[in-house]
Amino acid sequence: MGNIAAIAASFGGGLPPGITGTNDRCTILATNLNTEKVDEDKLFNLFSLYGNIVRIKILKNKPDHALVQMAEGLQAELAAHFLKGAMLFGNKMEVNFSKYPNITPAPDAHEYANSSLNRFHNNAIKNYRYCCAPTKMIHLSSLPPEIAEDEVVAHVEEHGRVVNSKLYEVNGKKQALVQFENEEQATEALVCKHATTLDRSVIRISFSQLQSI
């Protein structure tokens, strides 16, 4: 946990209120999931905002329950803190630490430890800066260079009413902000469209902490 000071600095000098940085439990239990719409990859897209995912298992005997094992205790603490009570597909998620220290590898446990889609492999400290509770605004990056703003909106608007959007460039790379009517719509767009392909580019989506465009 020697990098806690660096992580705290990425949050602007201190860990978010309610985060201790001393948690050593890595496995989370998410409950009250929408069983018709939630799968392991959608949970990965959401929980990977807060740290690298090792594996995810939806429980056979309780299909509205899922175990999510994260790489580090701090990452699990951030996920549990920021996602508690979040709305996803019409259901209010409950997110708590599991009594199990890890998920046993099994045919019904999806492996993500070696996934290139884990967000904290490179520049991990910087990624902590983007950890927050779900917001109404999503930030899209890794967009194709010739993309138009209406194409970005068309890619995500099935998930809710788009209130505002903006396409812009940073260091020659296209990025976009899309603001939805509420947090649930933005969360649905993120879990369904992160890591999808748009004109041969695999796009990345996270929540933006900006209040407006």
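Me: Why is Ser208 called buried?
Reply: This is a predicted model, and the relative accessibility of Ser208 in it is 8%. Buried means under 20%, so Ser208 counts as buried. Ser208 lies in the segment after strand 13.

Me: Which residues does Ser208 contact, leaving aside neighbours within four places in sequence?
Reply: Thr135, Met137, Ile138, His139 and Leu177. A contact here is a pair of heavy atoms within 4.5 Å.

Me: Why does Tyr100 count as partly exposed?
Reply: Tyr100 has 46% relative accessibility. Buried is under 20% and exposed is over 50%, with partly exposed in between, so Tyr100 counts as partly exposed. Tyr100 sits in the loop between strand 6 (94–97) and strand 7 (110–111). Not counting residues up to four places away in sequence, Tyr100 touches Thr27 and Leu67.

Me: How far is Tyr100 from Leu140?
Reply: Their C-alpha atoms are separated by 34 Å, and the two residues are 40 apart along the chain.

Me: What makes strand 8 and strand 13 a pair?
Reply: Two strands pair if there are at least two bridges between them. Strand 8 (residues 137–141) and strand 13 are joined by four bridges and run antiparallel. His139 stands opposite Ser206 in strand 13.

Me: What joins strand 10 to strand 8 and to strand 9?
Reply: Strand 8 and strand 10 share four bridges and run antiparallel; Ile138 has Val178 as its bridge partner in strand 10. Eight bridges join strand 9 to strand 10, again antiparallel, with Leu167 opposite Ala176. Strand 9 and strand 10 form a hairpin with two residues between them, and Asn171 in the turn has a positive phi of about 50°.

Me: Why are strand 9 and strand 13 called edge strands of their sheet?
Reply: The open sheet has four strands in the order 9-10-8-13, with antiparallel pairing. Strand 9 (162–170) and strand 13 (204–207) each have a single partner strand, so one side of each is left without a neighbour in the sheet. The twist from one strand to the next averages 20°.

Me: What packs on this sheet?
Reply: Helix 6 (residues 183–193) does, touching strand 8, strand 10 (173–180) and strand 13. The direction of helix 6 makes about 155° with that of strand 13.

Me: Why is helix 6 described as largely enclosed?
Reply: Eight of its 11 residues are buried, so helix 6 is largely enclosed by the rest of the structure. The buried residues are Gln185, Ala186, Thr187, Glu188, Ala189, Leu190, Val191 and Lys193. They pack against helix 2 (40–47), strand 4 (87–88), strand 8, helix 5 (149–156), strand 10 and strand 13.

Me: What is found at the start of helix 6, and what follows the helix?
Reply: At the start, a side-chain oxygen of Asn182 comes to within 3.1 Å of the backbone nitrogen of Glu184. The cut-off for a polar contact is 3.5 Å. Ala195 follows helix 6 and has a positive phi, near 70°.

Me: Which residues have the most contacts inside the largest nonpolar core?
Reply: Ile28, Leu46, Phe47, Tyr50, Ile138 and Leu140, in a core of 53 residues. Helix 3 (residues 73–83) gives the largest share, seven residues. Among the residues that Ile28 touches are Phe47, Ala76 and Val95.

Me: Where does the RRM label come from?
Reply: From an unreviewed UniProt entry, which lists "domain: RRM" for residues 26–100 and 136–210. Residues 26–100 are 25% helix and 32% strand, while residues 136–210 are 25% helix and 40% strand.

How values were computed:
Residues are numbered from 1 along each chain as its sequence is written. This is a predicted model: local features need pLDDT of at least 70, side-chain atom pairs count only at pLDDT 80 or more; totals for chains, interfaces and linings use all residues. Side-chain values use heavy atoms; hydrogens and water are left out. A nonpolar core is a set of buried Ala, Val, Leu, Ile, Met, Phe, Trp, Tyr and Cys residues joined through side-chain atoms within 4.5 Å. Buried means under 20% relative accessible area, exposed over 50%, partly exposed in between (1.4 Å probe, protein chains only). Axes are lines fitted to C-alpha atoms, for helices over the stretch in contact, and angles run from 0 to 180 degrees between N-to-C directions. A polar contact is a pair of N or O atoms within 3.5 Å; within protein, one must be able to donate a hydrogen and the other to accept it, and residues adjacent in sequence count only if both atoms are side-chain atoms. UniProt positions are given in the numbering used here, feature names are shortened, and annotations may be inferred rather than shown by experiment.
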